[in-house]
Amino acid sequence: MNKDKNPQTPKTSKPQNHTTEWPLWEVFIRSKNGLEHRHVGSLHAADADMAIENARDVYTRRQEGVSIWVVESRNITASNPENSGELFEPAKDKIYRHPTFYELPIELKHI
Amino acid sequence: MDQDLYKYLLILGDNSMILGHRLSELCGHGPTLETDIALTNISLDLFGQVRSYYQYAAKIKGEESTEDSIAFLRTERQYYNCILVEQENTNFAHVIVRQFLFDAQHQLLLESLTQSQDETIAAIAQKSLKESKYHLRFSSEWVKRLGDGTEESHQKTQEAVEHLYPFAHELVTNTSIETRMNEKGIGTNLDDLKEEYYKTVIDVFEEVGLVAKDLKNRFAKGKSGQHTERLGYILGELQYMQRAYPNMQW
């Protein structure tokens, strides 16, 4: 691939696209009081205030929520997929960690 | 038919109709996905309000009148929107400044109309007020961001202010119909909104160093049916289907 690394830049060297410089934010919506916030997606915004407003417009236009959290994506530390083996596989054969050996009364729901 | 009330409803509804159309032109063309959706949401809010006004107007006009015939079968002179809202989407700064100048008046107007003696108008105002508060929040925040952003964004916003601000006075100037409707306890006396309107607008402008000279375009008489050529183009697109295929339905 021999891409021209230095294309002729116009003399007026203004940034071509400010929007690409906006940081990415993760959006969490609480669908109703009493429930937890859930991750619904991400968006771009210049700062936290704008992220909240954008989230309101992008993710709650069909009454999806009563509360919004936003957090800049770069502040999230994620596990490394390469470590999946050592992180998650040891749990596979430990079925006794699931509370499935109890008889639950029928009246109990959502468990 | 109560001619004054009918026209007053059009004065109230037509601003939202034409501004809603202008914003709908941006659908899919917004500067970012997020602002595109925000502007389209505002457009839909405005169309929702328009329907309420036009449905009421159709009831007053009677005959075969419907909300659709009011929206699609009037000519330029029968539209009573302010000149401000028919201005082009020249660039994002123009879109935002136009929206801000409108929203600042719209919120005050709706607040006042919730006290209208006409129950239907009061109910429409009550329902629209929350939407309009959010619109003002959105547009005023963006005026500040653009005014306080880069040198380029400041300059473009300043140009937008210079172009659009001279039309703002029409939003807070009574026509004879508005005066009569106020005397009946139905309409708002726009004189009462003036001081707060200009304060809201100028405070935001000054916060970010935008200069609004005290200029008033004396040809801004949209509420009397005198428009710029821009409205013709808008109606050409807006009304094409009903003109080409009369009584067409979905």
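In the predicted model, F28(A) has H39(A) of β2(A) as its bridge partner. Strand β1 (residues 24-30) of chain A runs antiparallel to β2(A) and is joined to β2(A) by seven bridges; strands are DSSP runs marked E of at least two residues, helices are runs marked H or I of at least four, both numbered from the N terminus, and two strands pair if DSSP finds at least two bridges between them. Helix α1 (residues 48-59) of chain A packs on the sheet and touches β1, β2 and β3 of chain A, where contact means heavy atoms within 4.5 Å.

In chain B, K184(B) is found in the loop between α7 (176-183) and α8 (191-207), and, neighbours within four places in sequence left aside, K184(B) is in contact with D2(B), D4(B) and Q117(B). M248(B) lies in the segment after α10 (240-244) of chain B. The table gives the accessibility of both residues, on a scale where buried means under 20% relative accessible area, exposed over 50% and partly exposed in between (1.4 Å probe, protein chains only).

| Residue | Relative accessible area | Class |
|---|---|---|
| K184(B) | 47% | partly exposed |
| M248(B) | 35% | partly exposed |

Residues are numbered from 1 along each chain as its sequence is written, and chains are lettered from A and ligands numbered from 1 in the order in which they are written. Local features need pLDDT of at least 70, side-chain atom pairs count only at pLDDT 80 or more, and totals for chains, interfaces and linings use all residues, while side-chain values use heavy atoms, with hydrogens and water left out.

Note on methods
Axes are lines fitted to C-alpha atoms, for helices over the stretch in contact, and angles run from 0 to 180 degrees between N-to-C directions.
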